[in-house]
Amino acid sequence: MAAAAHDWQSYAARIAESPSADALAAIEHELFGRKAGVLTVALKDMGTLSPDERRAKAVELNEAKKSFTEAIELKRKELGSPSGDQLKIGDGIDVSMELPAHEEGHLHLIPEFIRSIEEVFGRMGFDVWTGPEIETEDLNFNLLNIPPEHPARDGQDTFWINPSTSSGQGPNSKQVLRTHTSPVQIRYMQTHKPPFRMVCPGKVYRKDSDATHSPMFHQFEGLMIGKDITVGHLKAVLIEALTELIGRKVEFRFRTGYFPFVEPGLEMDMMWQGDLSESREGKWLEMGGCGMVHPNVLRNVDIDPEQWQGFAFGFGVERPLMIKHRIPDLRSFYEGDLRFLKQF
Ligand code: DAH
């Protein structure tokens with residue numbers, strides 16, 4: 001049986017013109033593949049030839065093998081270091097082209113502001129702390145000097161957790177979505193010895209919704225306990241920190257206020273600036289409450305009120321942000337409207 005005649009010239013041309021490393025590998029496989037490679041099969045087929053034919057075929061095949069191996073090696077090197085022209089044509093990258101406009105993502109206003117809160121109070125020596133959003137009735141109310149029959153509970157519009165799904169046990173283990181960050185004060189004082197300074201930002205929940213209220217919003221709680229901490233320290237810390245957080249001079253006002261866990265209690269307002277509708281211009285916006293930690297609260301966490309005293313505060317995160325960026329409606333923070341979010 002005569003062996004098939006091969007057109008070795010056409011393979012040589014295809015190797016020389018092969019456009020990519022992949023195309024070259026395909027030709028190499030076509031020639032040298034272990035089972036069906038053209039050269040592999042031709043070498044195997046030599047066994048069927050007469051001795052003369054076999055000798056001539058051996059010379060031809062060995063030459064072909066040698067020259068293809070060299071040509072493929074050469075071409076592989078060439079393709080491995082493409083010229084500038086090949087780059088342009090081959091993969092469509094034009095290094096002289098202008099960058100397309102691209103948008104970078106950024107933090108939402110609220111977590112960004114929370115980071116600044118941690119940073120500003122951190123610099124004043126406050127420890128940054130967190131607590132769970134599902135709290136026990138004890139931590140959210142009782143230990144903060146708000147017993148069950150206390151009228152202050154009504155003002156909090158609490159979301160109670162259905163007792164059948166609550167994981168708590170025992171008489172004082174009813175659970176709530178925390179209505180304020182104040183329970184973190186208790187958690188902190190249960191695990192730390194005074195003197196200390198702590199700040200705790202986080203989410204809180206209340207049944208409430210309008211232009212300045214949302215059922216979920218953010219607060220930051222602060223606590224500073226020492227031997228001789230006074231209302232003067234409280235005012236100084238708050239004015240200093242909030243001025244820095246707002247980033248410009250804002251008018252503040254302190255009024256007496258009532259919170260069961262502080263005595264005396266104060267409320268702090270900031271002057272509203274920049275409402276587009278002018279309806280709030282020049283009016284006060286309440287930022288939150290503060291005061292000197294009530295002796296009962298200190299006793300509840302085994303801190304001796306004869307030896308230690310200090311202040312606490314609990315502020316909204318959204319409210320100062322509204323003043324900072326002149327945002328009239330608090331609900332804008334949660335609507336996910338890109339036209340709003342992209343402005344910051
Ligand atoms: N927890 C209070 C609230 O959400 C705010 C508050 C008032 C916190 C006075 C305090 C404080 O730490 O001292 O209405």
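Is Glu 73 buried, partly exposed or exposed? In this predicted model, Glu 73 has a relative accessibility of 39% and counts as partly exposed. Its salt-bridge partner is Arg 76, with N and O 3.5 Å apart. Arg 76 is also partly exposed, at 36%. Both residues belong to helix H4, where three residues, or about one turn of the helix, separate them.

Lys 57 has a relative accessible area of 10%; the limit for burial is 20%, so Lys 57 is buried. Glu 60, at 30%, is partly exposed.

Helix H6 holds a further pair, Arg 123 and Glu 119. Their side chains meet in a salt bridge of 3.0 Å, N to O. The spacing here is four residues, about one turn of the helix. Arg 123 is exposed, with a relative accessible area of 53%. Glu 119 is partly exposed, at 44%. Side chains of opposite charge can pair when their charged atoms come close. In total, the model contains 15 salt bridges. Arg 253, Arg 255, Glu 267 and Asp 269 are linked in a network of such bridges.

The largest nonpolar core has 41 residues. Phe 121, Phe 220, Phe 311 and Phe 333 have the most contacts inside this core. At least two core residues come from each of several helices and strands. The helices are H6 (109–123), H9 (231–246) and H11 (318–325). The strands are E5 (216–226), E6 (252–256), E7 (262–271), E8 (284–293) and E9 (309–316). Another core, of 24 residues, lies apart from the largest one. Its members include Phe 141, Ile 186, Tyr 188 and Trp 308.

Neighbours within four places in sequence aside, Phe 121 is in contact with Phe 126, Val 199, Phe 220, Val 237, Ala 241, Leu 245 and Phe 313.

Strand E9 pairs with two other strands. With E5, the pairing is antiparallel and extends over eight bridges. Ile 225 stands opposite Gly 310 of E9. With E8, E9 also runs antiparallel, and five bridges join the two strands. On this side, Met 292 stands opposite Phe 311 of E9. Seven of the eight residues of E9 are buried, so the strand is largely enclosed by the rest of the structure.

Beyond its neighbours within four places in sequence, His 150 is in contact with Asn 145, Tyr 258 and Pro 260.

Technical notes
Residues numbered from 1 in each chain as written. Predicted model: local features only at pLDDT ≥ 70, side-chain atom pairs only at ≥ 80, totals over all residues. Heavy atoms only, no water. Core = buried A, V, L, I, M, F, W, Y, C linked by side-chain atoms within 4.5 Å. Buried < 20%, exposed > 50% of the residue type's maximum accessible area, 1.4 Å probe, protein only. Contact = heavy atoms within 4.5 Å. Pairing = 2+ DSSP bridges. Salt bridge = Lys/Arg side-chain N within 4 Å of Asp/Glu carboxyl O.
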